[in-house]
Amino acid sequence: MKEKYTLEELEALHEIARTLARPDDIKEQLRGVLEILSDRLGMERGMISILDARTGEAWLDVARGVDVRAGSVIYRPGEGITGKVAQTGRPLAIANLGEETHFLDRTGARKKLDRKELAFLCVPIFHQGRVVGVLSADKLSRNVADLGREVALLSAVAELLGKGVHFRAVEEENRRLRSLLAEARRPKTQILGRSKVIRDVLRLIDQVADTNTTVLIHGETGTGKELVAQAIHDNSRRSKGPLVRVNCAAMPDTLLESELFGHEKGAFTGAVTRRRGRFEEAQGGTIFLDEVGELSPVAQAKLLRVLQEREFQPLGSSRTVKVDVRVVAATNRDLEQEVAKGRFRSDLYYRLNVFPIFLPPLRDRGPDILLLADYFVVKYAEQFGKSVKRISTPAIDLLMAYHWPGNVRELENCMERAVVLASGDAIEARHLPPTLQMKPAELRSRSRGKLEALVGAYERDLIVEALKDAQGNQSQAARLLGTTKRIIQYKVQKYGIDPKRFRDRSV
C-alpha cells in the first residue's frame, strides 16, 4: 500500500496493539479489537472466526453487531466468502453486497438491511504462515473510497490478531479434548444427567469403583441411591460377581442375624434346613445395605463385627466363614446427627463412611429435570404402546417450577401417570398431577417481593455458580454466562461477591 496510514488509522492500530498486549482473557481481547474497529474505523458489523485445523471449518468465535451465539455459525471449507477466504488464504472485498451471490449471511444480521449500501471485507488471519482464522467486516459503501486500501488496513489488523487467534484455537481444541476425555471416563451407569452436581457424582463413582473401599451413599428418598450402588459394582473388578441388595429398614431384629449371616438346621424353631446368609451369597461381589440408618442398636453391633473382621459365624454354628465382599451402604438420614444423639454407633459410622458420596435432590438438578422427564415419557410410551413423543410447553413450565419432594422417583411416577392419561402425541399440563400446580405450604404465604429484588437474587445466584465453575476467574465466568468481563466485574461489586473464595486452594 503506497498511501500512508492516516493519523486516526495509526492511533486505532496502536490501540489495537495495546489491547492485545493486556493480560486479559484472549476472547475479551478479540472483542476489544472489534470495538475499536467499530468506534474508530467505521465498521458496522464484524466477526472473528476460528479455523479448525482438523476439519478446515471456520466457526464464528467473536462478533460485534451480530446477535448470534459463539460457535453456532460454521462455514465448511470453500463455503461462502468466509469459507473461501479460510480455504485459499486470500482476502476478498465486495463493493456492493447486494450483487454478491456467494454471500450467505449465516448470522441473519443483514436480512432487514439494504445490502446495496454495504461493502464487505474479509481477510485471512495467519500465524507462522498458516491460516488460523478469518476477520470480516462490513462498512457503508459511501464511506469506502478505495477497497484495496480498506483491505490492506484490515489485513494489518489481522496480522496483529494472529497470535491471539492461534491461542484461541488451542484453547478450544483443549476444551474439546477435555470434553471427550470426560465423556470417555464417564462410568457405565444408568444414571441420567448433565448437571454439574451429577457430573461430580459420576466422577466420584469413577474414582472409587475399582477399589475395595467401603462407600456410604447419602441422599434423600427417591434420588437414585441404588443406581449409584449398581454403577459402583458394574465399574469395579467385582462386576462379574453378585450384587446382593439388602433393605435394612424391612428387616426385623429377630431375623437380621439369620438374613445376613445364615443359619444351621435346627438353629431355631422353623429352621428346617441350612441357609446361606446375604454376606455369603455376595462372596466375591458387592453387598448393598440400603437404609442402613434404620438398623437397631443390636443389628448395628452385629454388622460392625463383620465389617471389622470380614468373618462371621452363621446362627447355630461353631464354624467361622470368611468373606471377600465389598460393602456399599446408603442412608437418607443425617448419620452424624444420629451419632450425636446416640442413636447410631460412632464406630460403625466411621467404618461405613470411608468414602461418602452425596446424591443431590432433584430440585438441585434443574438441567436434568427435562432430560429425565423425556426419558420416562419414551420408556412408558413404549411400555404401554402409546404414541406420546413430546412434552408440551405448559407442561414443561409446571415440571420446571415444581419442588419435587419425592425426587426422581416422584418424577417417574408423574410421567408414567401422564403417559397413561395422554390421548395424543404430547403430554399436556392437564395430564400432570394437581400437586404440580400448587406451591408447597411453607411458600404459599411468603411475600413475592419486588420484581427487581427477585431478578437480582436470581442474577446473583447465576454469577456465583459461574464463579464456582470458573474457580473465581471472572473472565472465564463471563464466557460461561455469555457476557463480558466488565459486566461481571460490575455485578460482582454490586452484589458484594468475593471471587477469591471460589479459587482452588489446592493448586
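## Reading a sheet and a helix pair

Me: Which residue in β6 is the bridge partner of Ser49?
Reply: Val134 in β6 is the bridge partner of Ser49. Do keep in mind that we are looking at a predicted model. As a general idea, the strands of a sheet pair through backbone hydrogen bonds, in either a parallel or an antiparallel way. Here, strand β1 (residues 45–51) and strand β6 (residues 130–140) are joined by six bridges and pair in the antiparallel sense.

Me: How many bridges join β5 to β6?
Reply: There are 10 bridges between β5 and β6, and these strands also run antiparallel.

Me: What is the order of the six strands in the open sheet?
Reply: Reading across, the order is β3-β2-β1-β6-β5-β4, and the pairing is antiparallel. Now look for the edges: β3 (74–75) and β4 (92–94) have a single partner strand each, so one side of each lacks a neighbour in the sheet.

Me: Which strands does helix α2 touch as it packs on the sheet?
Reply: Helix α2 (residues 26–41) touches β1, β2 (58–64) and β6, and its direction makes about 55° with that of β2. Helix α3 (residues 80–88) lies across β1, β2, β3, β4, β5 (118–127) and β6, and runs at about 30° to β5.

Me: How many residues of β6 are buried?
Reply: The count is 10 of 11, so β6 is largely enclosed by the rest of the structure. For the protein chain as a whole, buried residues make up 44% of its 507 residues.

Me: Let's turn to a helix pair. At what angle do α12 and α14 pack?
Reply: Helix α12 (residues 366–384) and helix α14 (residues 407–421) pack at about 45°, and their axes are 9 Å apart. That angle makes α12 oblique to α14. Their crossing is right-handed.

Me: Which residues in α12 meet α14?
Reply: On the α12 side you will find Ile369, Leu372, Ala373, Phe376, Val377, Lys379, Tyr380, Ala381 and Phe384. Facing them in α14 are Val408, Leu411, Glu412, Met415, Glu416, Val419 and Val420. Sorted by class, this contact has 13 nonpolar, three charged and no polar residues.

Me: Is Arg365 buried or exposed?
Reply: Arg365 counts as buried, because its relative accessibility is 3%, and the cut-off for buried is under 20%. Arg365 sits in the loop between β15 (355–358) and α12. Beyond its neighbours within four places in sequence, its contacts include Leu192, Gly193, Thr223 and Pro360. Leu372 and Val408 are also among them, and these two residues belong to the α12 and α14 contact as well.

Me: What is the phi of Trp404?
Reply: The phi of Trp404 is near 50°, a positive value in a residue other than glycine. Trp404 lies in the loop between α13 (393–401) and α14, and is buried, with a relative accessible area of 0%.
Arg310 is worth a look too: it has a positive phi of about 55° and is not a glycine. This residue is in the loop between α9 (297–309) and β12 (311–312). With a relative accessible area of 26%, Arg310 is partly exposed.

Terms used:
Residues numbered from 1 in each chain as written. Predicted model: local features only at pLDDT ≥ 70, side-chain atom pairs only at ≥ 80, totals over all residues. Heavy atoms only, no water. Axes fitted to C-alpha atoms, helices over the stretch in contact; angles between N-to-C directions. Helix = DSSP H or I, 4+ residues; strand = E, 2+ residues; numbered from the N terminus. Parallel < 35°, antiparallel > 145°, perpendicular 65-115°, else oblique. Left-handed = near helix turned anticlockwise from the far one by under 90°. Contact = heavy atoms within 4.5 Å. Nonpolar A, V, L, I, M, F, W, Y, C, P; charged D, E, K, R; others polar. Pairing = 2+ DSSP bridges. Buried < 20%, exposed > 50% of the residue type's maximum accessible area, 1.4 Å probe, protein only.
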